[in-house]
Amino acid sequence: MSDIIEVGPNRDETNLAMLAHLFGIFTGFIGAMVIWLLKKDDSAFVGQEALEALNFQITLMLGYVIAGVLAFLLIGLVLFPILFILNLVFCLMGAISASKGKAYRYPFALRLLK
């Protein structure tokens with residue numbers, strides 16, 4: 001018999017992937033970038049999740065810059081809390097998904113790095 005056994009990421013890989021998503025809440029793109037640079041060659045799952053988190057954090061950083069430019073029109077002052085809440089919600093969703101060993105794709109993120 002030829003049974004196919006799927007092997008998912010191990011516990012260390014899921015924890016690192018989860019941290020890549022969670023670090024975005026506190027460190028912006030720095031935490032995800034460090035994890036991606038250190039682990040992209042060791043684990044495909046960690047590399048993929050850290051890169052996804054990094055791209056999302058870069059997208060948010062661009063959003064914050066745009067909100068800062070628009071702050072003089074008062075539009076930016078509304079965008080800052082919206083971006084913060086989106087960051088919190090999507091990073092937590094990514095962390096939960098990664099902790100289960102499933103890949104997470106942010107609903108909107110510029111895929112600048114591949």
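Q: What covers the buried residues of helix 2?

A: Happy to start there. Buried means under 20% relative accessible area, exposed over 50%, and partly exposed in between (1.4 Å probe, protein chains only). Contact means heavy atoms within 4.5 Å. In this predicted model, the cover of the buried residues of helix 2 includes helix 1 (11–27) and helix 3 (44–70).

Q: Which residues of helix 2 are buried?

A: In helix 2 (residues 29–39), they are Gly 31, Ala 32, Ile 35 and Trp 36. These residues lie on the same side of helix 2 because they cover an arc of only 125 degrees around the axis. That arc is taken from the directions from the helix axis to the C-beta atoms.

Q: How many helices and strands are there in the protein?

A: Helices (H or I, at least four residues) and strands (E, at least two) are DSSP runs, numbered from the N terminus. Here there are 4 helices and 0 strands, in the order α-α-α-α along the sequence. The C-alpha trace spans about 70 × 20 × 20 Å along its principal axes.

Q: How many of the residues count as buried?

A: Of the 114 residues of the protein, 35% do. Among contacts with a separation of 6 or more, 64% come from residues 24 or more positions apart.

Q: Where do the numbers come from?

A: Residues are numbered from 1 along each chain as its sequence is written, and side-chain values use heavy atoms, with hydrogens and water left out. Since the model is predicted, local features need pLDDT of at least 70 and side-chain atom pairs count only at pLDDT 80 or more, while totals for chains, interfaces and linings use all residues.
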